[in-house]
Amino acid sequence: MSKIHFIVIVLNLLLCKTVFAQEQSKLTIPSSPAFGILNYEPSSVMRPTNVKSLSTDILNSFDEDGKLLVNLGLEVSPYWLGSHPELTLDTYLKPNLGQTVLQSFSLSAATVKDSVSGDNKLGAGFRFKLYNGEPAITDIAAAGADVKTRSAILAAIQTEKLLVSSGLHNSKQEAIKGIKDHLAGQMSQTLIDDVIKMGNTIIGDFGDSPAAIDSMLEKLTVNMDRTYKVYREKFSDLLYQRKGLIVELAGASGFNTSDKYSVERIGLWGNMSYNISPDDLFSLTARYMYQKRDTSLSNFDIGIGFLKKNSKYNISLEAMLRWLRADIPDVNLSSQQITRVEKKFTYRVAAQGSYPISKDLNINLSFGKDFDSPYISSSGIFSILGLNYSIFSREPERLNAGESSR
């Protein structure tokens with residue numbers, strides 16, 4: 001290969017993209033269907049966790065004249081707005097069909113101002129699962145036991161702090177021994193020895209006054225809490241991880257609130273995925289999309305995909321078939337207004353890769369053939385090389401210790 005040919009290929013990877021604008025196809029249901037139907041991520045997203053905060057968020061979504069504010073988003077899971085003391089961990093992990101729908105059902109809404117027309121747009125959507133795979137029961141039980149053990153250690157330290165403050169224990173050594181006595185019989189001697197060893201490593205940094213002993217116990221609490229957090233996060237991750245079959249449905253509508261809430265977009269999604277592991281996923285997706293503006297456009301898509309993730313790279317492969325129909329305003333030879341109907345079958349194949357350069361910086365490569373457009377003749381071949389930098393944490397919100405039953 002000549003040098004000039006190599007340069008041309010590199011430039012193509014860096015600069016080439018599809019010559020017509022289409023939404024990027026993904027073989028997944030949008031995490032927030034209302035945002036997906038508008039192709040927009042609100043600047044402010046409200047996620048209420050109880051009925052009171054939901055009511056407050058809804059009231060704050062309107063101005064003093066009763067008009068809906070723009071650039072807002074709302075995501076809520078109705079089932080989790082209230083407490084469920086009767087819900088057991090076993091029911092949560094292995095629910096029946098009705099319980100699966102209740103636990104996974106979520107509603108989303110978003111408002112945005114169209115930068116071109118100036119119209120206000122509203123999106124509303126839902127999402128739920130019919131089947132949520134199989135949890136790793138054995139791993140969850142082990143992680144849950146670790147969480148309880150660490151919780152018992154923290155409770156023992158807090159009990160000792162009360163004894164010191166009441167004057168029942170008056171020295172550092174007595175406080176350390178008290179913790180050992182509290183833990184006796186609750187866990188293995190090896191774990192107890194680890195706690196005592198950690199206490200002995202910091203005992204020389206503090207004096208013998210009650211305030212100094214209290215500070216020592218507080219430092220021990222902080223050190224143990226770090227360890228406790230690791231086990232708590234592991235337990236939380238395992239609660240969400242599923243292997244096997246997952247079936248999910250979603251829908252959304254987009255409205256023009258500046259035009260009597262007329263419907264402009266409708267989307268329906270169905271996804272059936274099979275998780276070999278948390279990092280290996282096969283999926284089958286079907287979706288119907290309808291858009292009505294100057295031109296009415298509808299399409300039905302069905303496709304398969306594969307996703308592979310690890311610490312060094314992510315790879316996804318997808319193939320999708322599309323049947324589309326476009327009703328296009330036109331003029332015939334007699335200058336009469338008509339609607340021209342275009343029906344077409346097209347497809348998309350794509351491969352995408354992501355390689356992390358650092359915690360917040362990824363290099364991404366995509367190439368393949370996109371769907372053909374009903375408006376523009378093009379091969380649809382694309383290749384895109386780019387960088388993705390995140391200034392925000394991508395770490396999902398963790399469950400608190402008291403929320404583990406969810």
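Tutor: Start with accessibility: buried means under 20% relative accessible area, exposed means over 50%, and partly exposed lies in between, with a 1.4 Å probe and protein chains only. At 28% relative accessibility, Glu 342 is therefore partly exposed. This is a predicted model, in which local features need pLDDT of at least 70 and side-chain atom pairs count only at pLDDT 80 or more, while totals for chains, interfaces and linings use all residues. Residues are numbered from 1 along each chain as its sequence is written, and side-chain values use heavy atoms, leaving out hydrogens and water.

Student: Which residue meets Glu 342 in a salt bridge?

Tutor: Side chains of opposite charge can pair when their charged atoms come close. The criterion is a side-chain nitrogen of Lys or Arg within 4 Å of a carboxyl oxygen of Asp or Glu. Arg 340 meets Glu 342 at 2.4 Å, N to O, and Arg 340 is partly exposed at 30%. The structure holds 17 salt bridges.

Student: Is Lys 121 buried or exposed?

Tutor: Lys 121 is buried, at 7% relative accessibility. Its salt bridge with Asp 114 has closest N and O atoms 3.3 Å apart, and a network of salt bridges links Asp 114, Lys 121 and Glu 264.

Student: How many residues does the largest nonpolar core have?

Tutor: A nonpolar core joins buried Ala, Val, Leu, Ile, Met, Phe, Trp, Tyr and Cys residues through side-chain atoms within 4.5 Å. The largest here has 33 residues, and those with the most contacts inside it include Ile 153, Leu 183 and Met 224. Among the elements giving it two or more residues are helix H6 (137-165) and helix H9 (210-240). A second, separate core of 11 residues includes Val 112 and Trp 269.

Student: What does Leu 183 touch?

Tutor: Taking contact as heavy atoms within 4.5 Å, Leu 183 touches Ala 152, Ile 153, Ala 156, Ile 192 and Val 195, not counting residues up to four places away in sequence.

Conventions
Helix = DSSP H or I, 4+ residues; strand = E, 2+ residues; numbered from the N terminus.
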